[in-house]
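Before you set up any calculation on this model, please read the points below alongside the coordinates.

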Amino acid sequence: MSVLIKGGRIITAADDYVGDVYVEGERIALVGASLDVDADRVIDAAGKYVLPGCVDPHTHLDMPFGGTVTIDDVESGQTAAAFGGTTCHVDFVIQPPGATFAQALDEWKAKADGRQVIDMGYHMAITDLNEGGTLEELASLPDQGITSYKLFMAYKGALMVDDETLFRAMEVAAESGALVMVHAENGDVIDVLVRQALEAGNTEPLYHALTRPPEAEGEATNRAIQLAHLAGAPLYVVHVTCREAVEPIQRARDKGWDVWGETCTQYFFTSLDDIAKPDFEGAKYVYSPPVRDKANWDVLWNAVRTDALSAISTDHCAFSWDGQKTLGRDDFSKIPNGGPGLENRLHMIHEFGVRAGRITLNRMVELLATNPAKLFGLYPRKGTVAVGSDADLVVFDPERRHTISVATQHSKSDYNLYEGTEVTGAPDLVLLRGVVLVEGDELLASPGTGRFVERARFGEQLLPQTAPA
Ligand code: URP
Ligand code: ZN
Ligand code: ZN
C-alpha cells in the first residue's frame, strides 16, 4: 500500500515548508517539493499541516490504583489517543509487591496483546528491590526494550520507595543505559500533612492540594537531581507543576547535567479554583502533584518555551467521577489520583500555545513528539517526518473547529477536564505506519494495528529495521 500526501505544510521540530510525503508500506519513502509518483491513495493536504504522529511519554492504562482500576484500558485509551493525533505512547508497568520485573511485564503485555490501536512502549515502575525484582534483573530490562525506570518518591504505603532504592536504581540505570524517571514529591511530609488535615476534620477535595504543597515537590525534585548526579544517571522529572520544581531543573540544565523535565497539559489550565468546586466536583481535579495557583500557568509556559521543561505529556490516568472519584466522598485521601487527557493534548496546546502566540508550531512538535521520542529511545523511527521514519503522520486542519466534550470523547471517563472548550485546529487524518487509523470522526483501523516497540537505550537511536523500500 502506498500513500501520497500532497501539498501540505510539513512541520517538524526544525522545519516548516510546503511539500509532499510519499509513504510506501510502513515507512516514509520520499519527501519533496513536488513528487512525481503514483500511489494507491492520494491525500490532498493543501492548507493543512503534516505533523509527525505525537508521542505521549506518560500514560496509565488499565492500571490498578487507589483502590480501583483506571477506567481506560488499552483499547479505549489508545482510541482516544489516536483521535487526538497521538500514534505512540509509553505506559507504565507497575511492579506488584513481591513480583519480579518479568512477571510484571508479562502481566501488562497480556492486558495489551491484540488490543493495541497505536504503537506503545513500557517504562518499568520499580516499587521494590528487596523481594521480587533484583538489581541484576533491573539491569537486563534495556535488553528487552524497556529503557526507562520510574520511581515514586510519593504515595507512602503504596508505590513510594525510599532513597536507598531510588539511589540503587539510579546506579543501575547509569550502567545499563536507562533513563530514570521520578515522581518528585516528598511522600513522608505529605503523609504527615494529610493525617493532620483529616484529624482537623478537613475532608474536602481541596485538601488534596493543600496537603501537597509546592515545597514538597521542589524538595523532592532537588533531591532526585542531586542523587542522579551522584549516581551518574540521566534523570527525567515527570509532571512538573510549579516554580519550586522548575527552578532546580533549570539550574541543573544550566550546569550541563543530564536532567530533563516534563509537564502535562492539565497543569496549564486547571488550578486551585477547580479543586475547590462545590458538591464534590473538585474531585475531578484530584491528581498528583496537585493543581496549583494560577500564577504557575505562566511559569510553565515560560519553562516549555525556554527548554527548562522539554516535553508535555498527558499523565492520562482516567477515572470516572461517579463510582470511582466518589470513593473519597468523605475523605479526600481516598479519591483515586489521576485525570483523563490523552485525546486533547494536541487540541489544547495548539489552541493555547501556538494560536495564542506562546510557542511556535515547531516547538509544539518538539514538545509533543520529537523530544519525547528522542528521550525515550524512539527517534528517528518516531517523532519526525523524514525518509525512513515510520509513517506515523497527522494531517492537521488548522481551521477545523472542535468543541471538547465528554459527549464526543473516546475515553470511557464520565467527564473531560476541558469540557466545553472550543478549539480551532484538529486532526483530519491520522496514519500509523502507513495505515489510516482515523479519518474525520471515524476510527478506521481495528484493535491489533498497534504494536509493542522495543525502545533504544538512553542516548541511542532507534533506526528503521530495514532500509526503506
Ligand atoms: O495523579 C496521578 N498523577 N496519577 C497517576 C500516577 C502518577 O503519579 O503518575
Ligand atoms: Zn506520578
Ligand atoms: Zn503518571
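**Note on the zinc site and ligand 1**

1. His 183 is buried, because its relative accessible area is 1%, where buried means under 20%, exposed over 50% and partly exposed in between (1.4 Å probe, protein chains only). His 239 is likewise buried, at 2%.

2. This is a predicted model, in which local features need pLDDT of at least 70 and side-chain atom pairs count only at pLDDT 80 or more, while totals for chains, interfaces and linings use all residues. Residues are numbered from 1 along each chain as written, ligands are numbered from 1 in the order in which they are written, and side-chain values use heavy atoms, with hydrogens and water left out.

3. His 183 sits in strand 12 (residues 179-183) and His 239 in the loop between strand 13 (235-237) and helix 8 (243-254), so that the pair, 56 residues apart, links distant parts of the chain; helices (H or I, at least four residues) and strands (E, at least two) are DSSP runs, numbered from the N terminus.

4. The zinc ion (ligand 3) is 3.9 Å from the zinc ion (ligand 2).

5. Ligand 1 has an oxygen atom 3.0 Å from a polar side-chain atom of His 183, and an oxygen atom 2.8 Å from a polar backbone atom of Ser 288.

Key: Donors are N, O and S atoms within 2.8 Å of the metal (3.2 Å for Na, K and Ca); water is not among the atoms, so sites may look incomplete. A polar contact is a pair of N or O atoms within 3.5 Å; within protein, one must be able to donate a hydrogen and the other to accept it, and residues adjacent in sequence count only if both atoms are side-chain atoms.
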